[in-house]
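Thanks for coming. I will take one structure today and walk through a few parts of it in turn.

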Amino acid sequence: MKKLVLALAATTMMSTAAFAEDIKIGTILGYTGPIESLTGPMAESAELAMKEVTDSGKLLGGSTVTSVRGDSTCVDAAAATAAAERLVTSDKVNAIMGADCSGVTGAILQNVARANGIVMVSPSATSPGLSTAEDDGLFFRTAPSDARQGAVISDILNDKGVKSVAITYTNNDYGKGLAESIQSNYEASGGKVTISAAHEDGKGDYSAEVGALAQAGGEVLIVAGYLDQGGKGVIQASLDTGAFDTFVLPDGMIGDSLPKAIGSALDGSYGTVPGTDSKGAEVFDANAKAAGIKPDAFSAESYDAAALIMLAMQAAGSSKSADFKSKIMDVANAPGEQILPGELGKALELIAAGKDIDYVGATAVELIGPGESAGNYREILVKGGENTTAKFR
Amino acid sequence: MDILNAFVLLFNFVVIPGLTYGCQLALGALGVTLIYGILRFSNFAHGETMAFGTMAVILFTWLLQGWGVSLGPVPTALLALPVGILCAILLLLVSDKLVYKFYRKQKSTPVIYLIASLGVMFFYNGLIRFVIGPDDRIFTDGERFIFTARQFKEATGLEQGMSFKMTQGITVFVTVICVAALFWFLTKTRTGKSMRAYSDNEDLALLSGINPDRVVMIAWILTAALATIAGTLYGLDKSFKPFTYLQILLPIFAAAIVGGLGSPLGAIAGGFVIAFSEVFVTFAYKRVLGYLLPESLEPSGLVQLLSTDYKFAVSFAILVIVLLVRPTGIFRGQSI
């Protein structure tokens, strides 16, 4: 009897203490496609977090974490689903860091993540539609929903005393969702939207679109498009005909190439892009540069997404998605000791010791509602032909 | 004063952009119509020919800019235009020798030519992306405006501004010169007359001793020149992106068919019909009416007939109507 008890005790201890294992995280991003210039640094940032955890040797009794990359293509849902399926069934990843664009993220969530019960943390899918998607508690994102960006832009417009605006958006899920969010927020706060018209990307001539926008009028023109695409064409045509002088630029329009292409005429325009002035952002930038990564848009969010997955595993004492999915919100939010980038080892130790942590990370992560970032935005002002930071919201 | 304001408004947003776009379409449609008249097929590779010529112009413009050559207020690209035209001529003559000549010997039907030109289009497509890439290129330099909306307002004291871009001015000017030169060539010179004869009746032309190879060669040369000029003007006014040249092929064909395929005069008329109908139908007349009507009648809506999303639909609706009512086009070209 004594022996049996001992043996039982030994087996239970073994299962709780957990053997060191090789944990795999699928890094599914659009390495080819329209945002391929961003995904390189995004994946490297996520892998930086994994390396940090592996080197610390403190995750689940010294487990190592390796990244398995898969290409989401950003636009092709079938290809993204196939890539995710491969990672889950053949590479046996424990969780997915991704995907990047809203459309493919939704497809992977429904077809692969829910079917196999795998946790997904997206660093950059911003469509408001994902907030209400069925996810069985498996989907999180470190990027804010565009519903939040609409509120921020509406606040900026009211602060600047703008009474009426015209909106033009790129004709896809991102543009339409963002335009609707801006319109509903702004109208709720008493502003007037004179027209909300779509434009197609990749055309040479936008004079007809600008003609209609100009006739509707408005103090400023909100351009919810892409900076290398139709968004630039609309701005150029508006300036040429004298239809609008000031433009509001949401995140798809923020980049160095736009002020460079348009020139000084863009001075005085303003916009928003996800970002924080938290200490975490600085620390992350320094760490990333030291590791040879050039941080770009959504790199910090990628680091945070990977970090949250691993911290939640530690908190649950298991690398299985079913076990740790409920822990992600816990490690991301207060109460607990605040954790900055580069302190993942310390965080793992604290969790192992049974203490609470509040992961702040590179983007001041605060998960709300169905598991998405509350959203911190950088207000951009174009000045002297450059994007400058006016303030943080 | 209100009437003046309404006119200025219309000019700024409808007439000037429509005029410029019409000129660009007309030059493109002239090339299509020439090939149709002489070689009797719809050349689908025309949009890519425009892109290829423009690409050559851009490359030479960069070289000139590197040497520090400039034309002052006028874009340097105009100086590079002859080189671009030469490159396009070379390309078209080589494709004629390698591809179309074979089908001429076979006396193939127009449909076979058309499919062959589709293949040629894809080849040009790849060639252009191989040389200059798929990205947006801006190669305009010099003065941007002849006068800006603000200058116009200050000079006239009107409420509404009107701007006139340098590239718009150049487009109209160059188009007038090209069209005049082309018509002079077709009606006054011996070669031009032989081309028209060949187009009207091939057998009679051959009997009267017109050399068909020469006529075909000159048709390609003229087409290359027109395509390069049209493409460069379009690129200067907007920006050069290979993909947009594939798209502009549709309105160009619409223009050529509406005007009457094979009729140069029709190509020009068709270009302007398509361009103006696109802007006129999708323009919002709210403010124009606001100036013209008494205050009590001022419209509260946008007074827009069709959303700008349907811009392309307009030119195709016109195309369908013309084909139904008058299949030969406005100027009685060949029916297809």
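Predicted model: local features only at pLDDT ≥ 70, side-chain atom pairs only at ≥ 80, totals over all residues.

The peptide bond joining A:Ala334 and A:Pro335 is cis, with omega about 0 degrees. There is also a cis bond from A:Gly98 to A:Ala99, where omega is near -10 degrees. A:Ala99 belongs to the loop between strand E3 (95-98) and H4 of chain A. Then there is A:Asp136, not a glycine, whose phi is positive, near 50 degrees. That residue is in the loop between strand E4 (119-122) and E5 of chain A. Why point these out? Most residues other than glycine have a negative phi, and most peptide bonds are trans.

Next, the domains. Chain A is divided into domain 1, residues 2-144 + 278-330, and domain 2, residues 147-276 + 376-392. Their C-alpha centres lie 33 Å apart. In the contact, domain 1 of chain A contributes 10 residues and domain 2 of chain A contributes nine residues. On the domain 1 side, helix H4 (102-116) and strand E5 (139-144) of chain A are the elements giving two or more residues. That side has four nonpolar and six polar residues, and no charged ones.

Now a sheet in chain A. In what order do its strands run? There are seven, forming an open sheet in the order E7-E6-E8-E9-E10-E15-E16, and the pairing is mixed. From one strand to the next the twist averages 25 degrees.

Looking inside the sheet, strand E10 (residues 270-274) and strand E15 (residues 377-383) of chain A are antiparallel and share five bridges. One example is A:Pro274, whose bridge partner in E15(A) is A:Tyr377. Two helices to mention here pack on the sheet. Helix H5 (residues 146-159) of chain A touches strand E6 (164-170), strand E9 (247-249), E10 and E15 of chain A, and its direction makes about 150 degrees with that of E10(A). Helix H7 (residues 207-216) of chain A touches E6, E7 and strand E8 (220-224) of chain A, at about 175 degrees to the direction of E7(A).

On to the contact between the chains, which takes 20 residues from chain A and 33 residues from chain B. On the chain A side, E7, H7 and helix H8 (230-241) each supply at least two residues. Which element gives the most to that side? H7(A) does, with eight residues. By class, the chain A side comes to eight nonpolar, seven polar and five charged residues.

Last, a helix pair in chain B. The axes of helix H3 (residues 77-106) and helix H9 (residues 212-237) of chain B come within 8 Å and cross at roughly 135 degrees, so H3(B) and H9(B) are oblique to each other. The crossing of H3(B) past H9(B) is right-handed. Residues in this contact include B:Leu81, B:Gly84 and B:Ala88 of H3(B), and B:Trp220, B:Ala224 and B:Thr228 of H9(B). By class, the contact has 16 nonpolar, four polar and one charged residue.

That is the end of the walk-through.

Technical notes: Residues numbered from 1 in each chain as written. Chains lettered and ligands numbered in written order. Pairing = 2+ DSSP bridges. Helix = DSSP H or I, 4+ residues; strand = E, 2+ residues; numbered from the N terminus. Axes fitted to C-alpha atoms, helices over the stretch in contact; angles between N-to-C directions. Contact = placed C-beta atoms within 7 Å. Nonpolar A, V, L, I, M, F, W, Y, C, P; charged D, E, K, R; others polar. Domains from an automatic or database assignment. Parallel < 35°, antiparallel > 145°, perpendicular 65-115°, else oblique. Left-handed = near helix turned anticlockwise from the far one by under 90°.
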